[in-house]
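Open the model in your viewer and keep the selection panel at hand. Each stop below says what to select and what is there.

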Amino acid sequence: MEKHDDAHDRRQVIIDRMLAEALHSGDDYRLPSHDALPPDMRKAVDTLLAKAEAQRMRRLTYEDLEEALPPRDVTSEDLEAIFWILSEHGIAIEDGDVA
């Protein structure tokens, strides 16, 4: 991504915190399903799932995630739900190219 804006920086902080918490999490908290997400978040998940399917890949980049997210501020709960749903489909988000 060429342009770094405030929303991108806030999302990255949330993603970094979520990853750190995931390494130390011991609870069985389950996130809402795809159908419980707001419409723009469902569209983002559908876009990511379609991209992974088209590429026949089980991983996407943070850039792919950033491109799929709506232009509004995304909550940490929305991002957690996206990561959860993608992981249920066996898809990971990684740094760098996934060529």
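Select R56 and display its backbone. R56 sits in the loop between α2 and β1. The model is a predicted one. Phi of R56 is near 50 degrees, which is positive although the residue is not glycine. Most residues other than glycine have a negative phi. Is the R56 side chain buried or exposed? R56 has a relative accessible area of 75%, so it counts as exposed.

**Step back into α2**

Now select residues 39–55. This is helix α2, with 17 residues. R56 follows directly after α2.

Colour M41, A44, V45, L48, L49 and A52, the buried residues of α2. They cover an arc of only 130 degrees around the axis, which puts them on the same side of the helix. An α-helix has 3.6 residues a turn, so residues three or four places apart point the same way.

Turn the helix over. P39, K43, E53 and A54 are exposed on the other side of α2. Which elements do the buried residues of α2 pack against? They pack against β1 (59–61), α3 (62–68) and α4 (76–88).

**Zoom in on A52**

Stay in helix α2 and centre on A52. The relative accessibility of A52 is 1%, so this residue counts as buried. Show its neighbours, leaving out residues up to four places away in sequence. A52 then touches M57, L60 and I91.

**Move to α3**

Select E63, which belongs to helix α3. How accessible is E63? Its relative accessibility is 40%, so E63 counts as partly exposed. Now pick the C-alpha atoms of E63 and I93. These positions are 30 residues apart along the chain, and their C-alpha atoms are separated by 9.2 Å.

**Follow α4**

Select residues 76–88, helix α4. The helix has 13 residues. From first C-alpha to last, α4 reaches 18 Å, close to the 18 Å expected at 1.5 Å a residue. Colour its buried residues: S76, D78, L79, A81, I82, F83, I85 and L86.

Centre on D78, in helix α4. Leave aside neighbours within four places in sequence, and D78 is in contact with P38, M41 and R72. M41 has already come up, as one of the buried residues of α2.

Step just past the end of α4 and select G90. G90 takes a positive phi of about 75 degrees.

**Look for the cavity**

The largest cavity has a volume of about 50 Å³. Which residues line the largest cavity? Select H8, R11, Q12, I15, Y62, L65, E66 and L69 to see its lining. The elements that give two or more residues to this lining are α1 (6–24) and α3. The most comes from α1, with 4 residues.

**Zoom out**

Colour the whole protein by secondary structure. There are 4 helices and 2 strands. From the N terminus on, the elements run α-α-β-α-α-β. Next, colour by accessibility. Of the 99 residues in the protein, 36% are buried. Show the surface last. The protein exposes about 6500 Å², and carbon and sulfur atoms supply 51% of that area.

Residues 24 or more positions apart account for 78% of them.

Notes:
Residues numbered from 1 in each chain as written. Predicted model: local features only at pLDDT ≥ 70, side-chain atom pairs only at ≥ 80, totals over all residues. Heavy atoms only, no water. Expected span 1.5 Å × (residues − 1). Buried < 20%, exposed > 50% of the residue type's maximum accessible area, 1.4 Å probe, protein only. Arc of directions from axis to C-beta. Contact = heavy atoms within 4.5 Å. Areas by Shrake-Rupley, 256 points an atom, 1.4 Å probe, with all protein chains shown as cover. 1 Å grid on protein atoms, 1.4 Å probe; cavity = no way out; pocket = protein on both sides within 12 Å on 5 of 7 lines; lining within 4 Å. Points joined across faces, edges and corners; volume = space filled by probe spheres on them.
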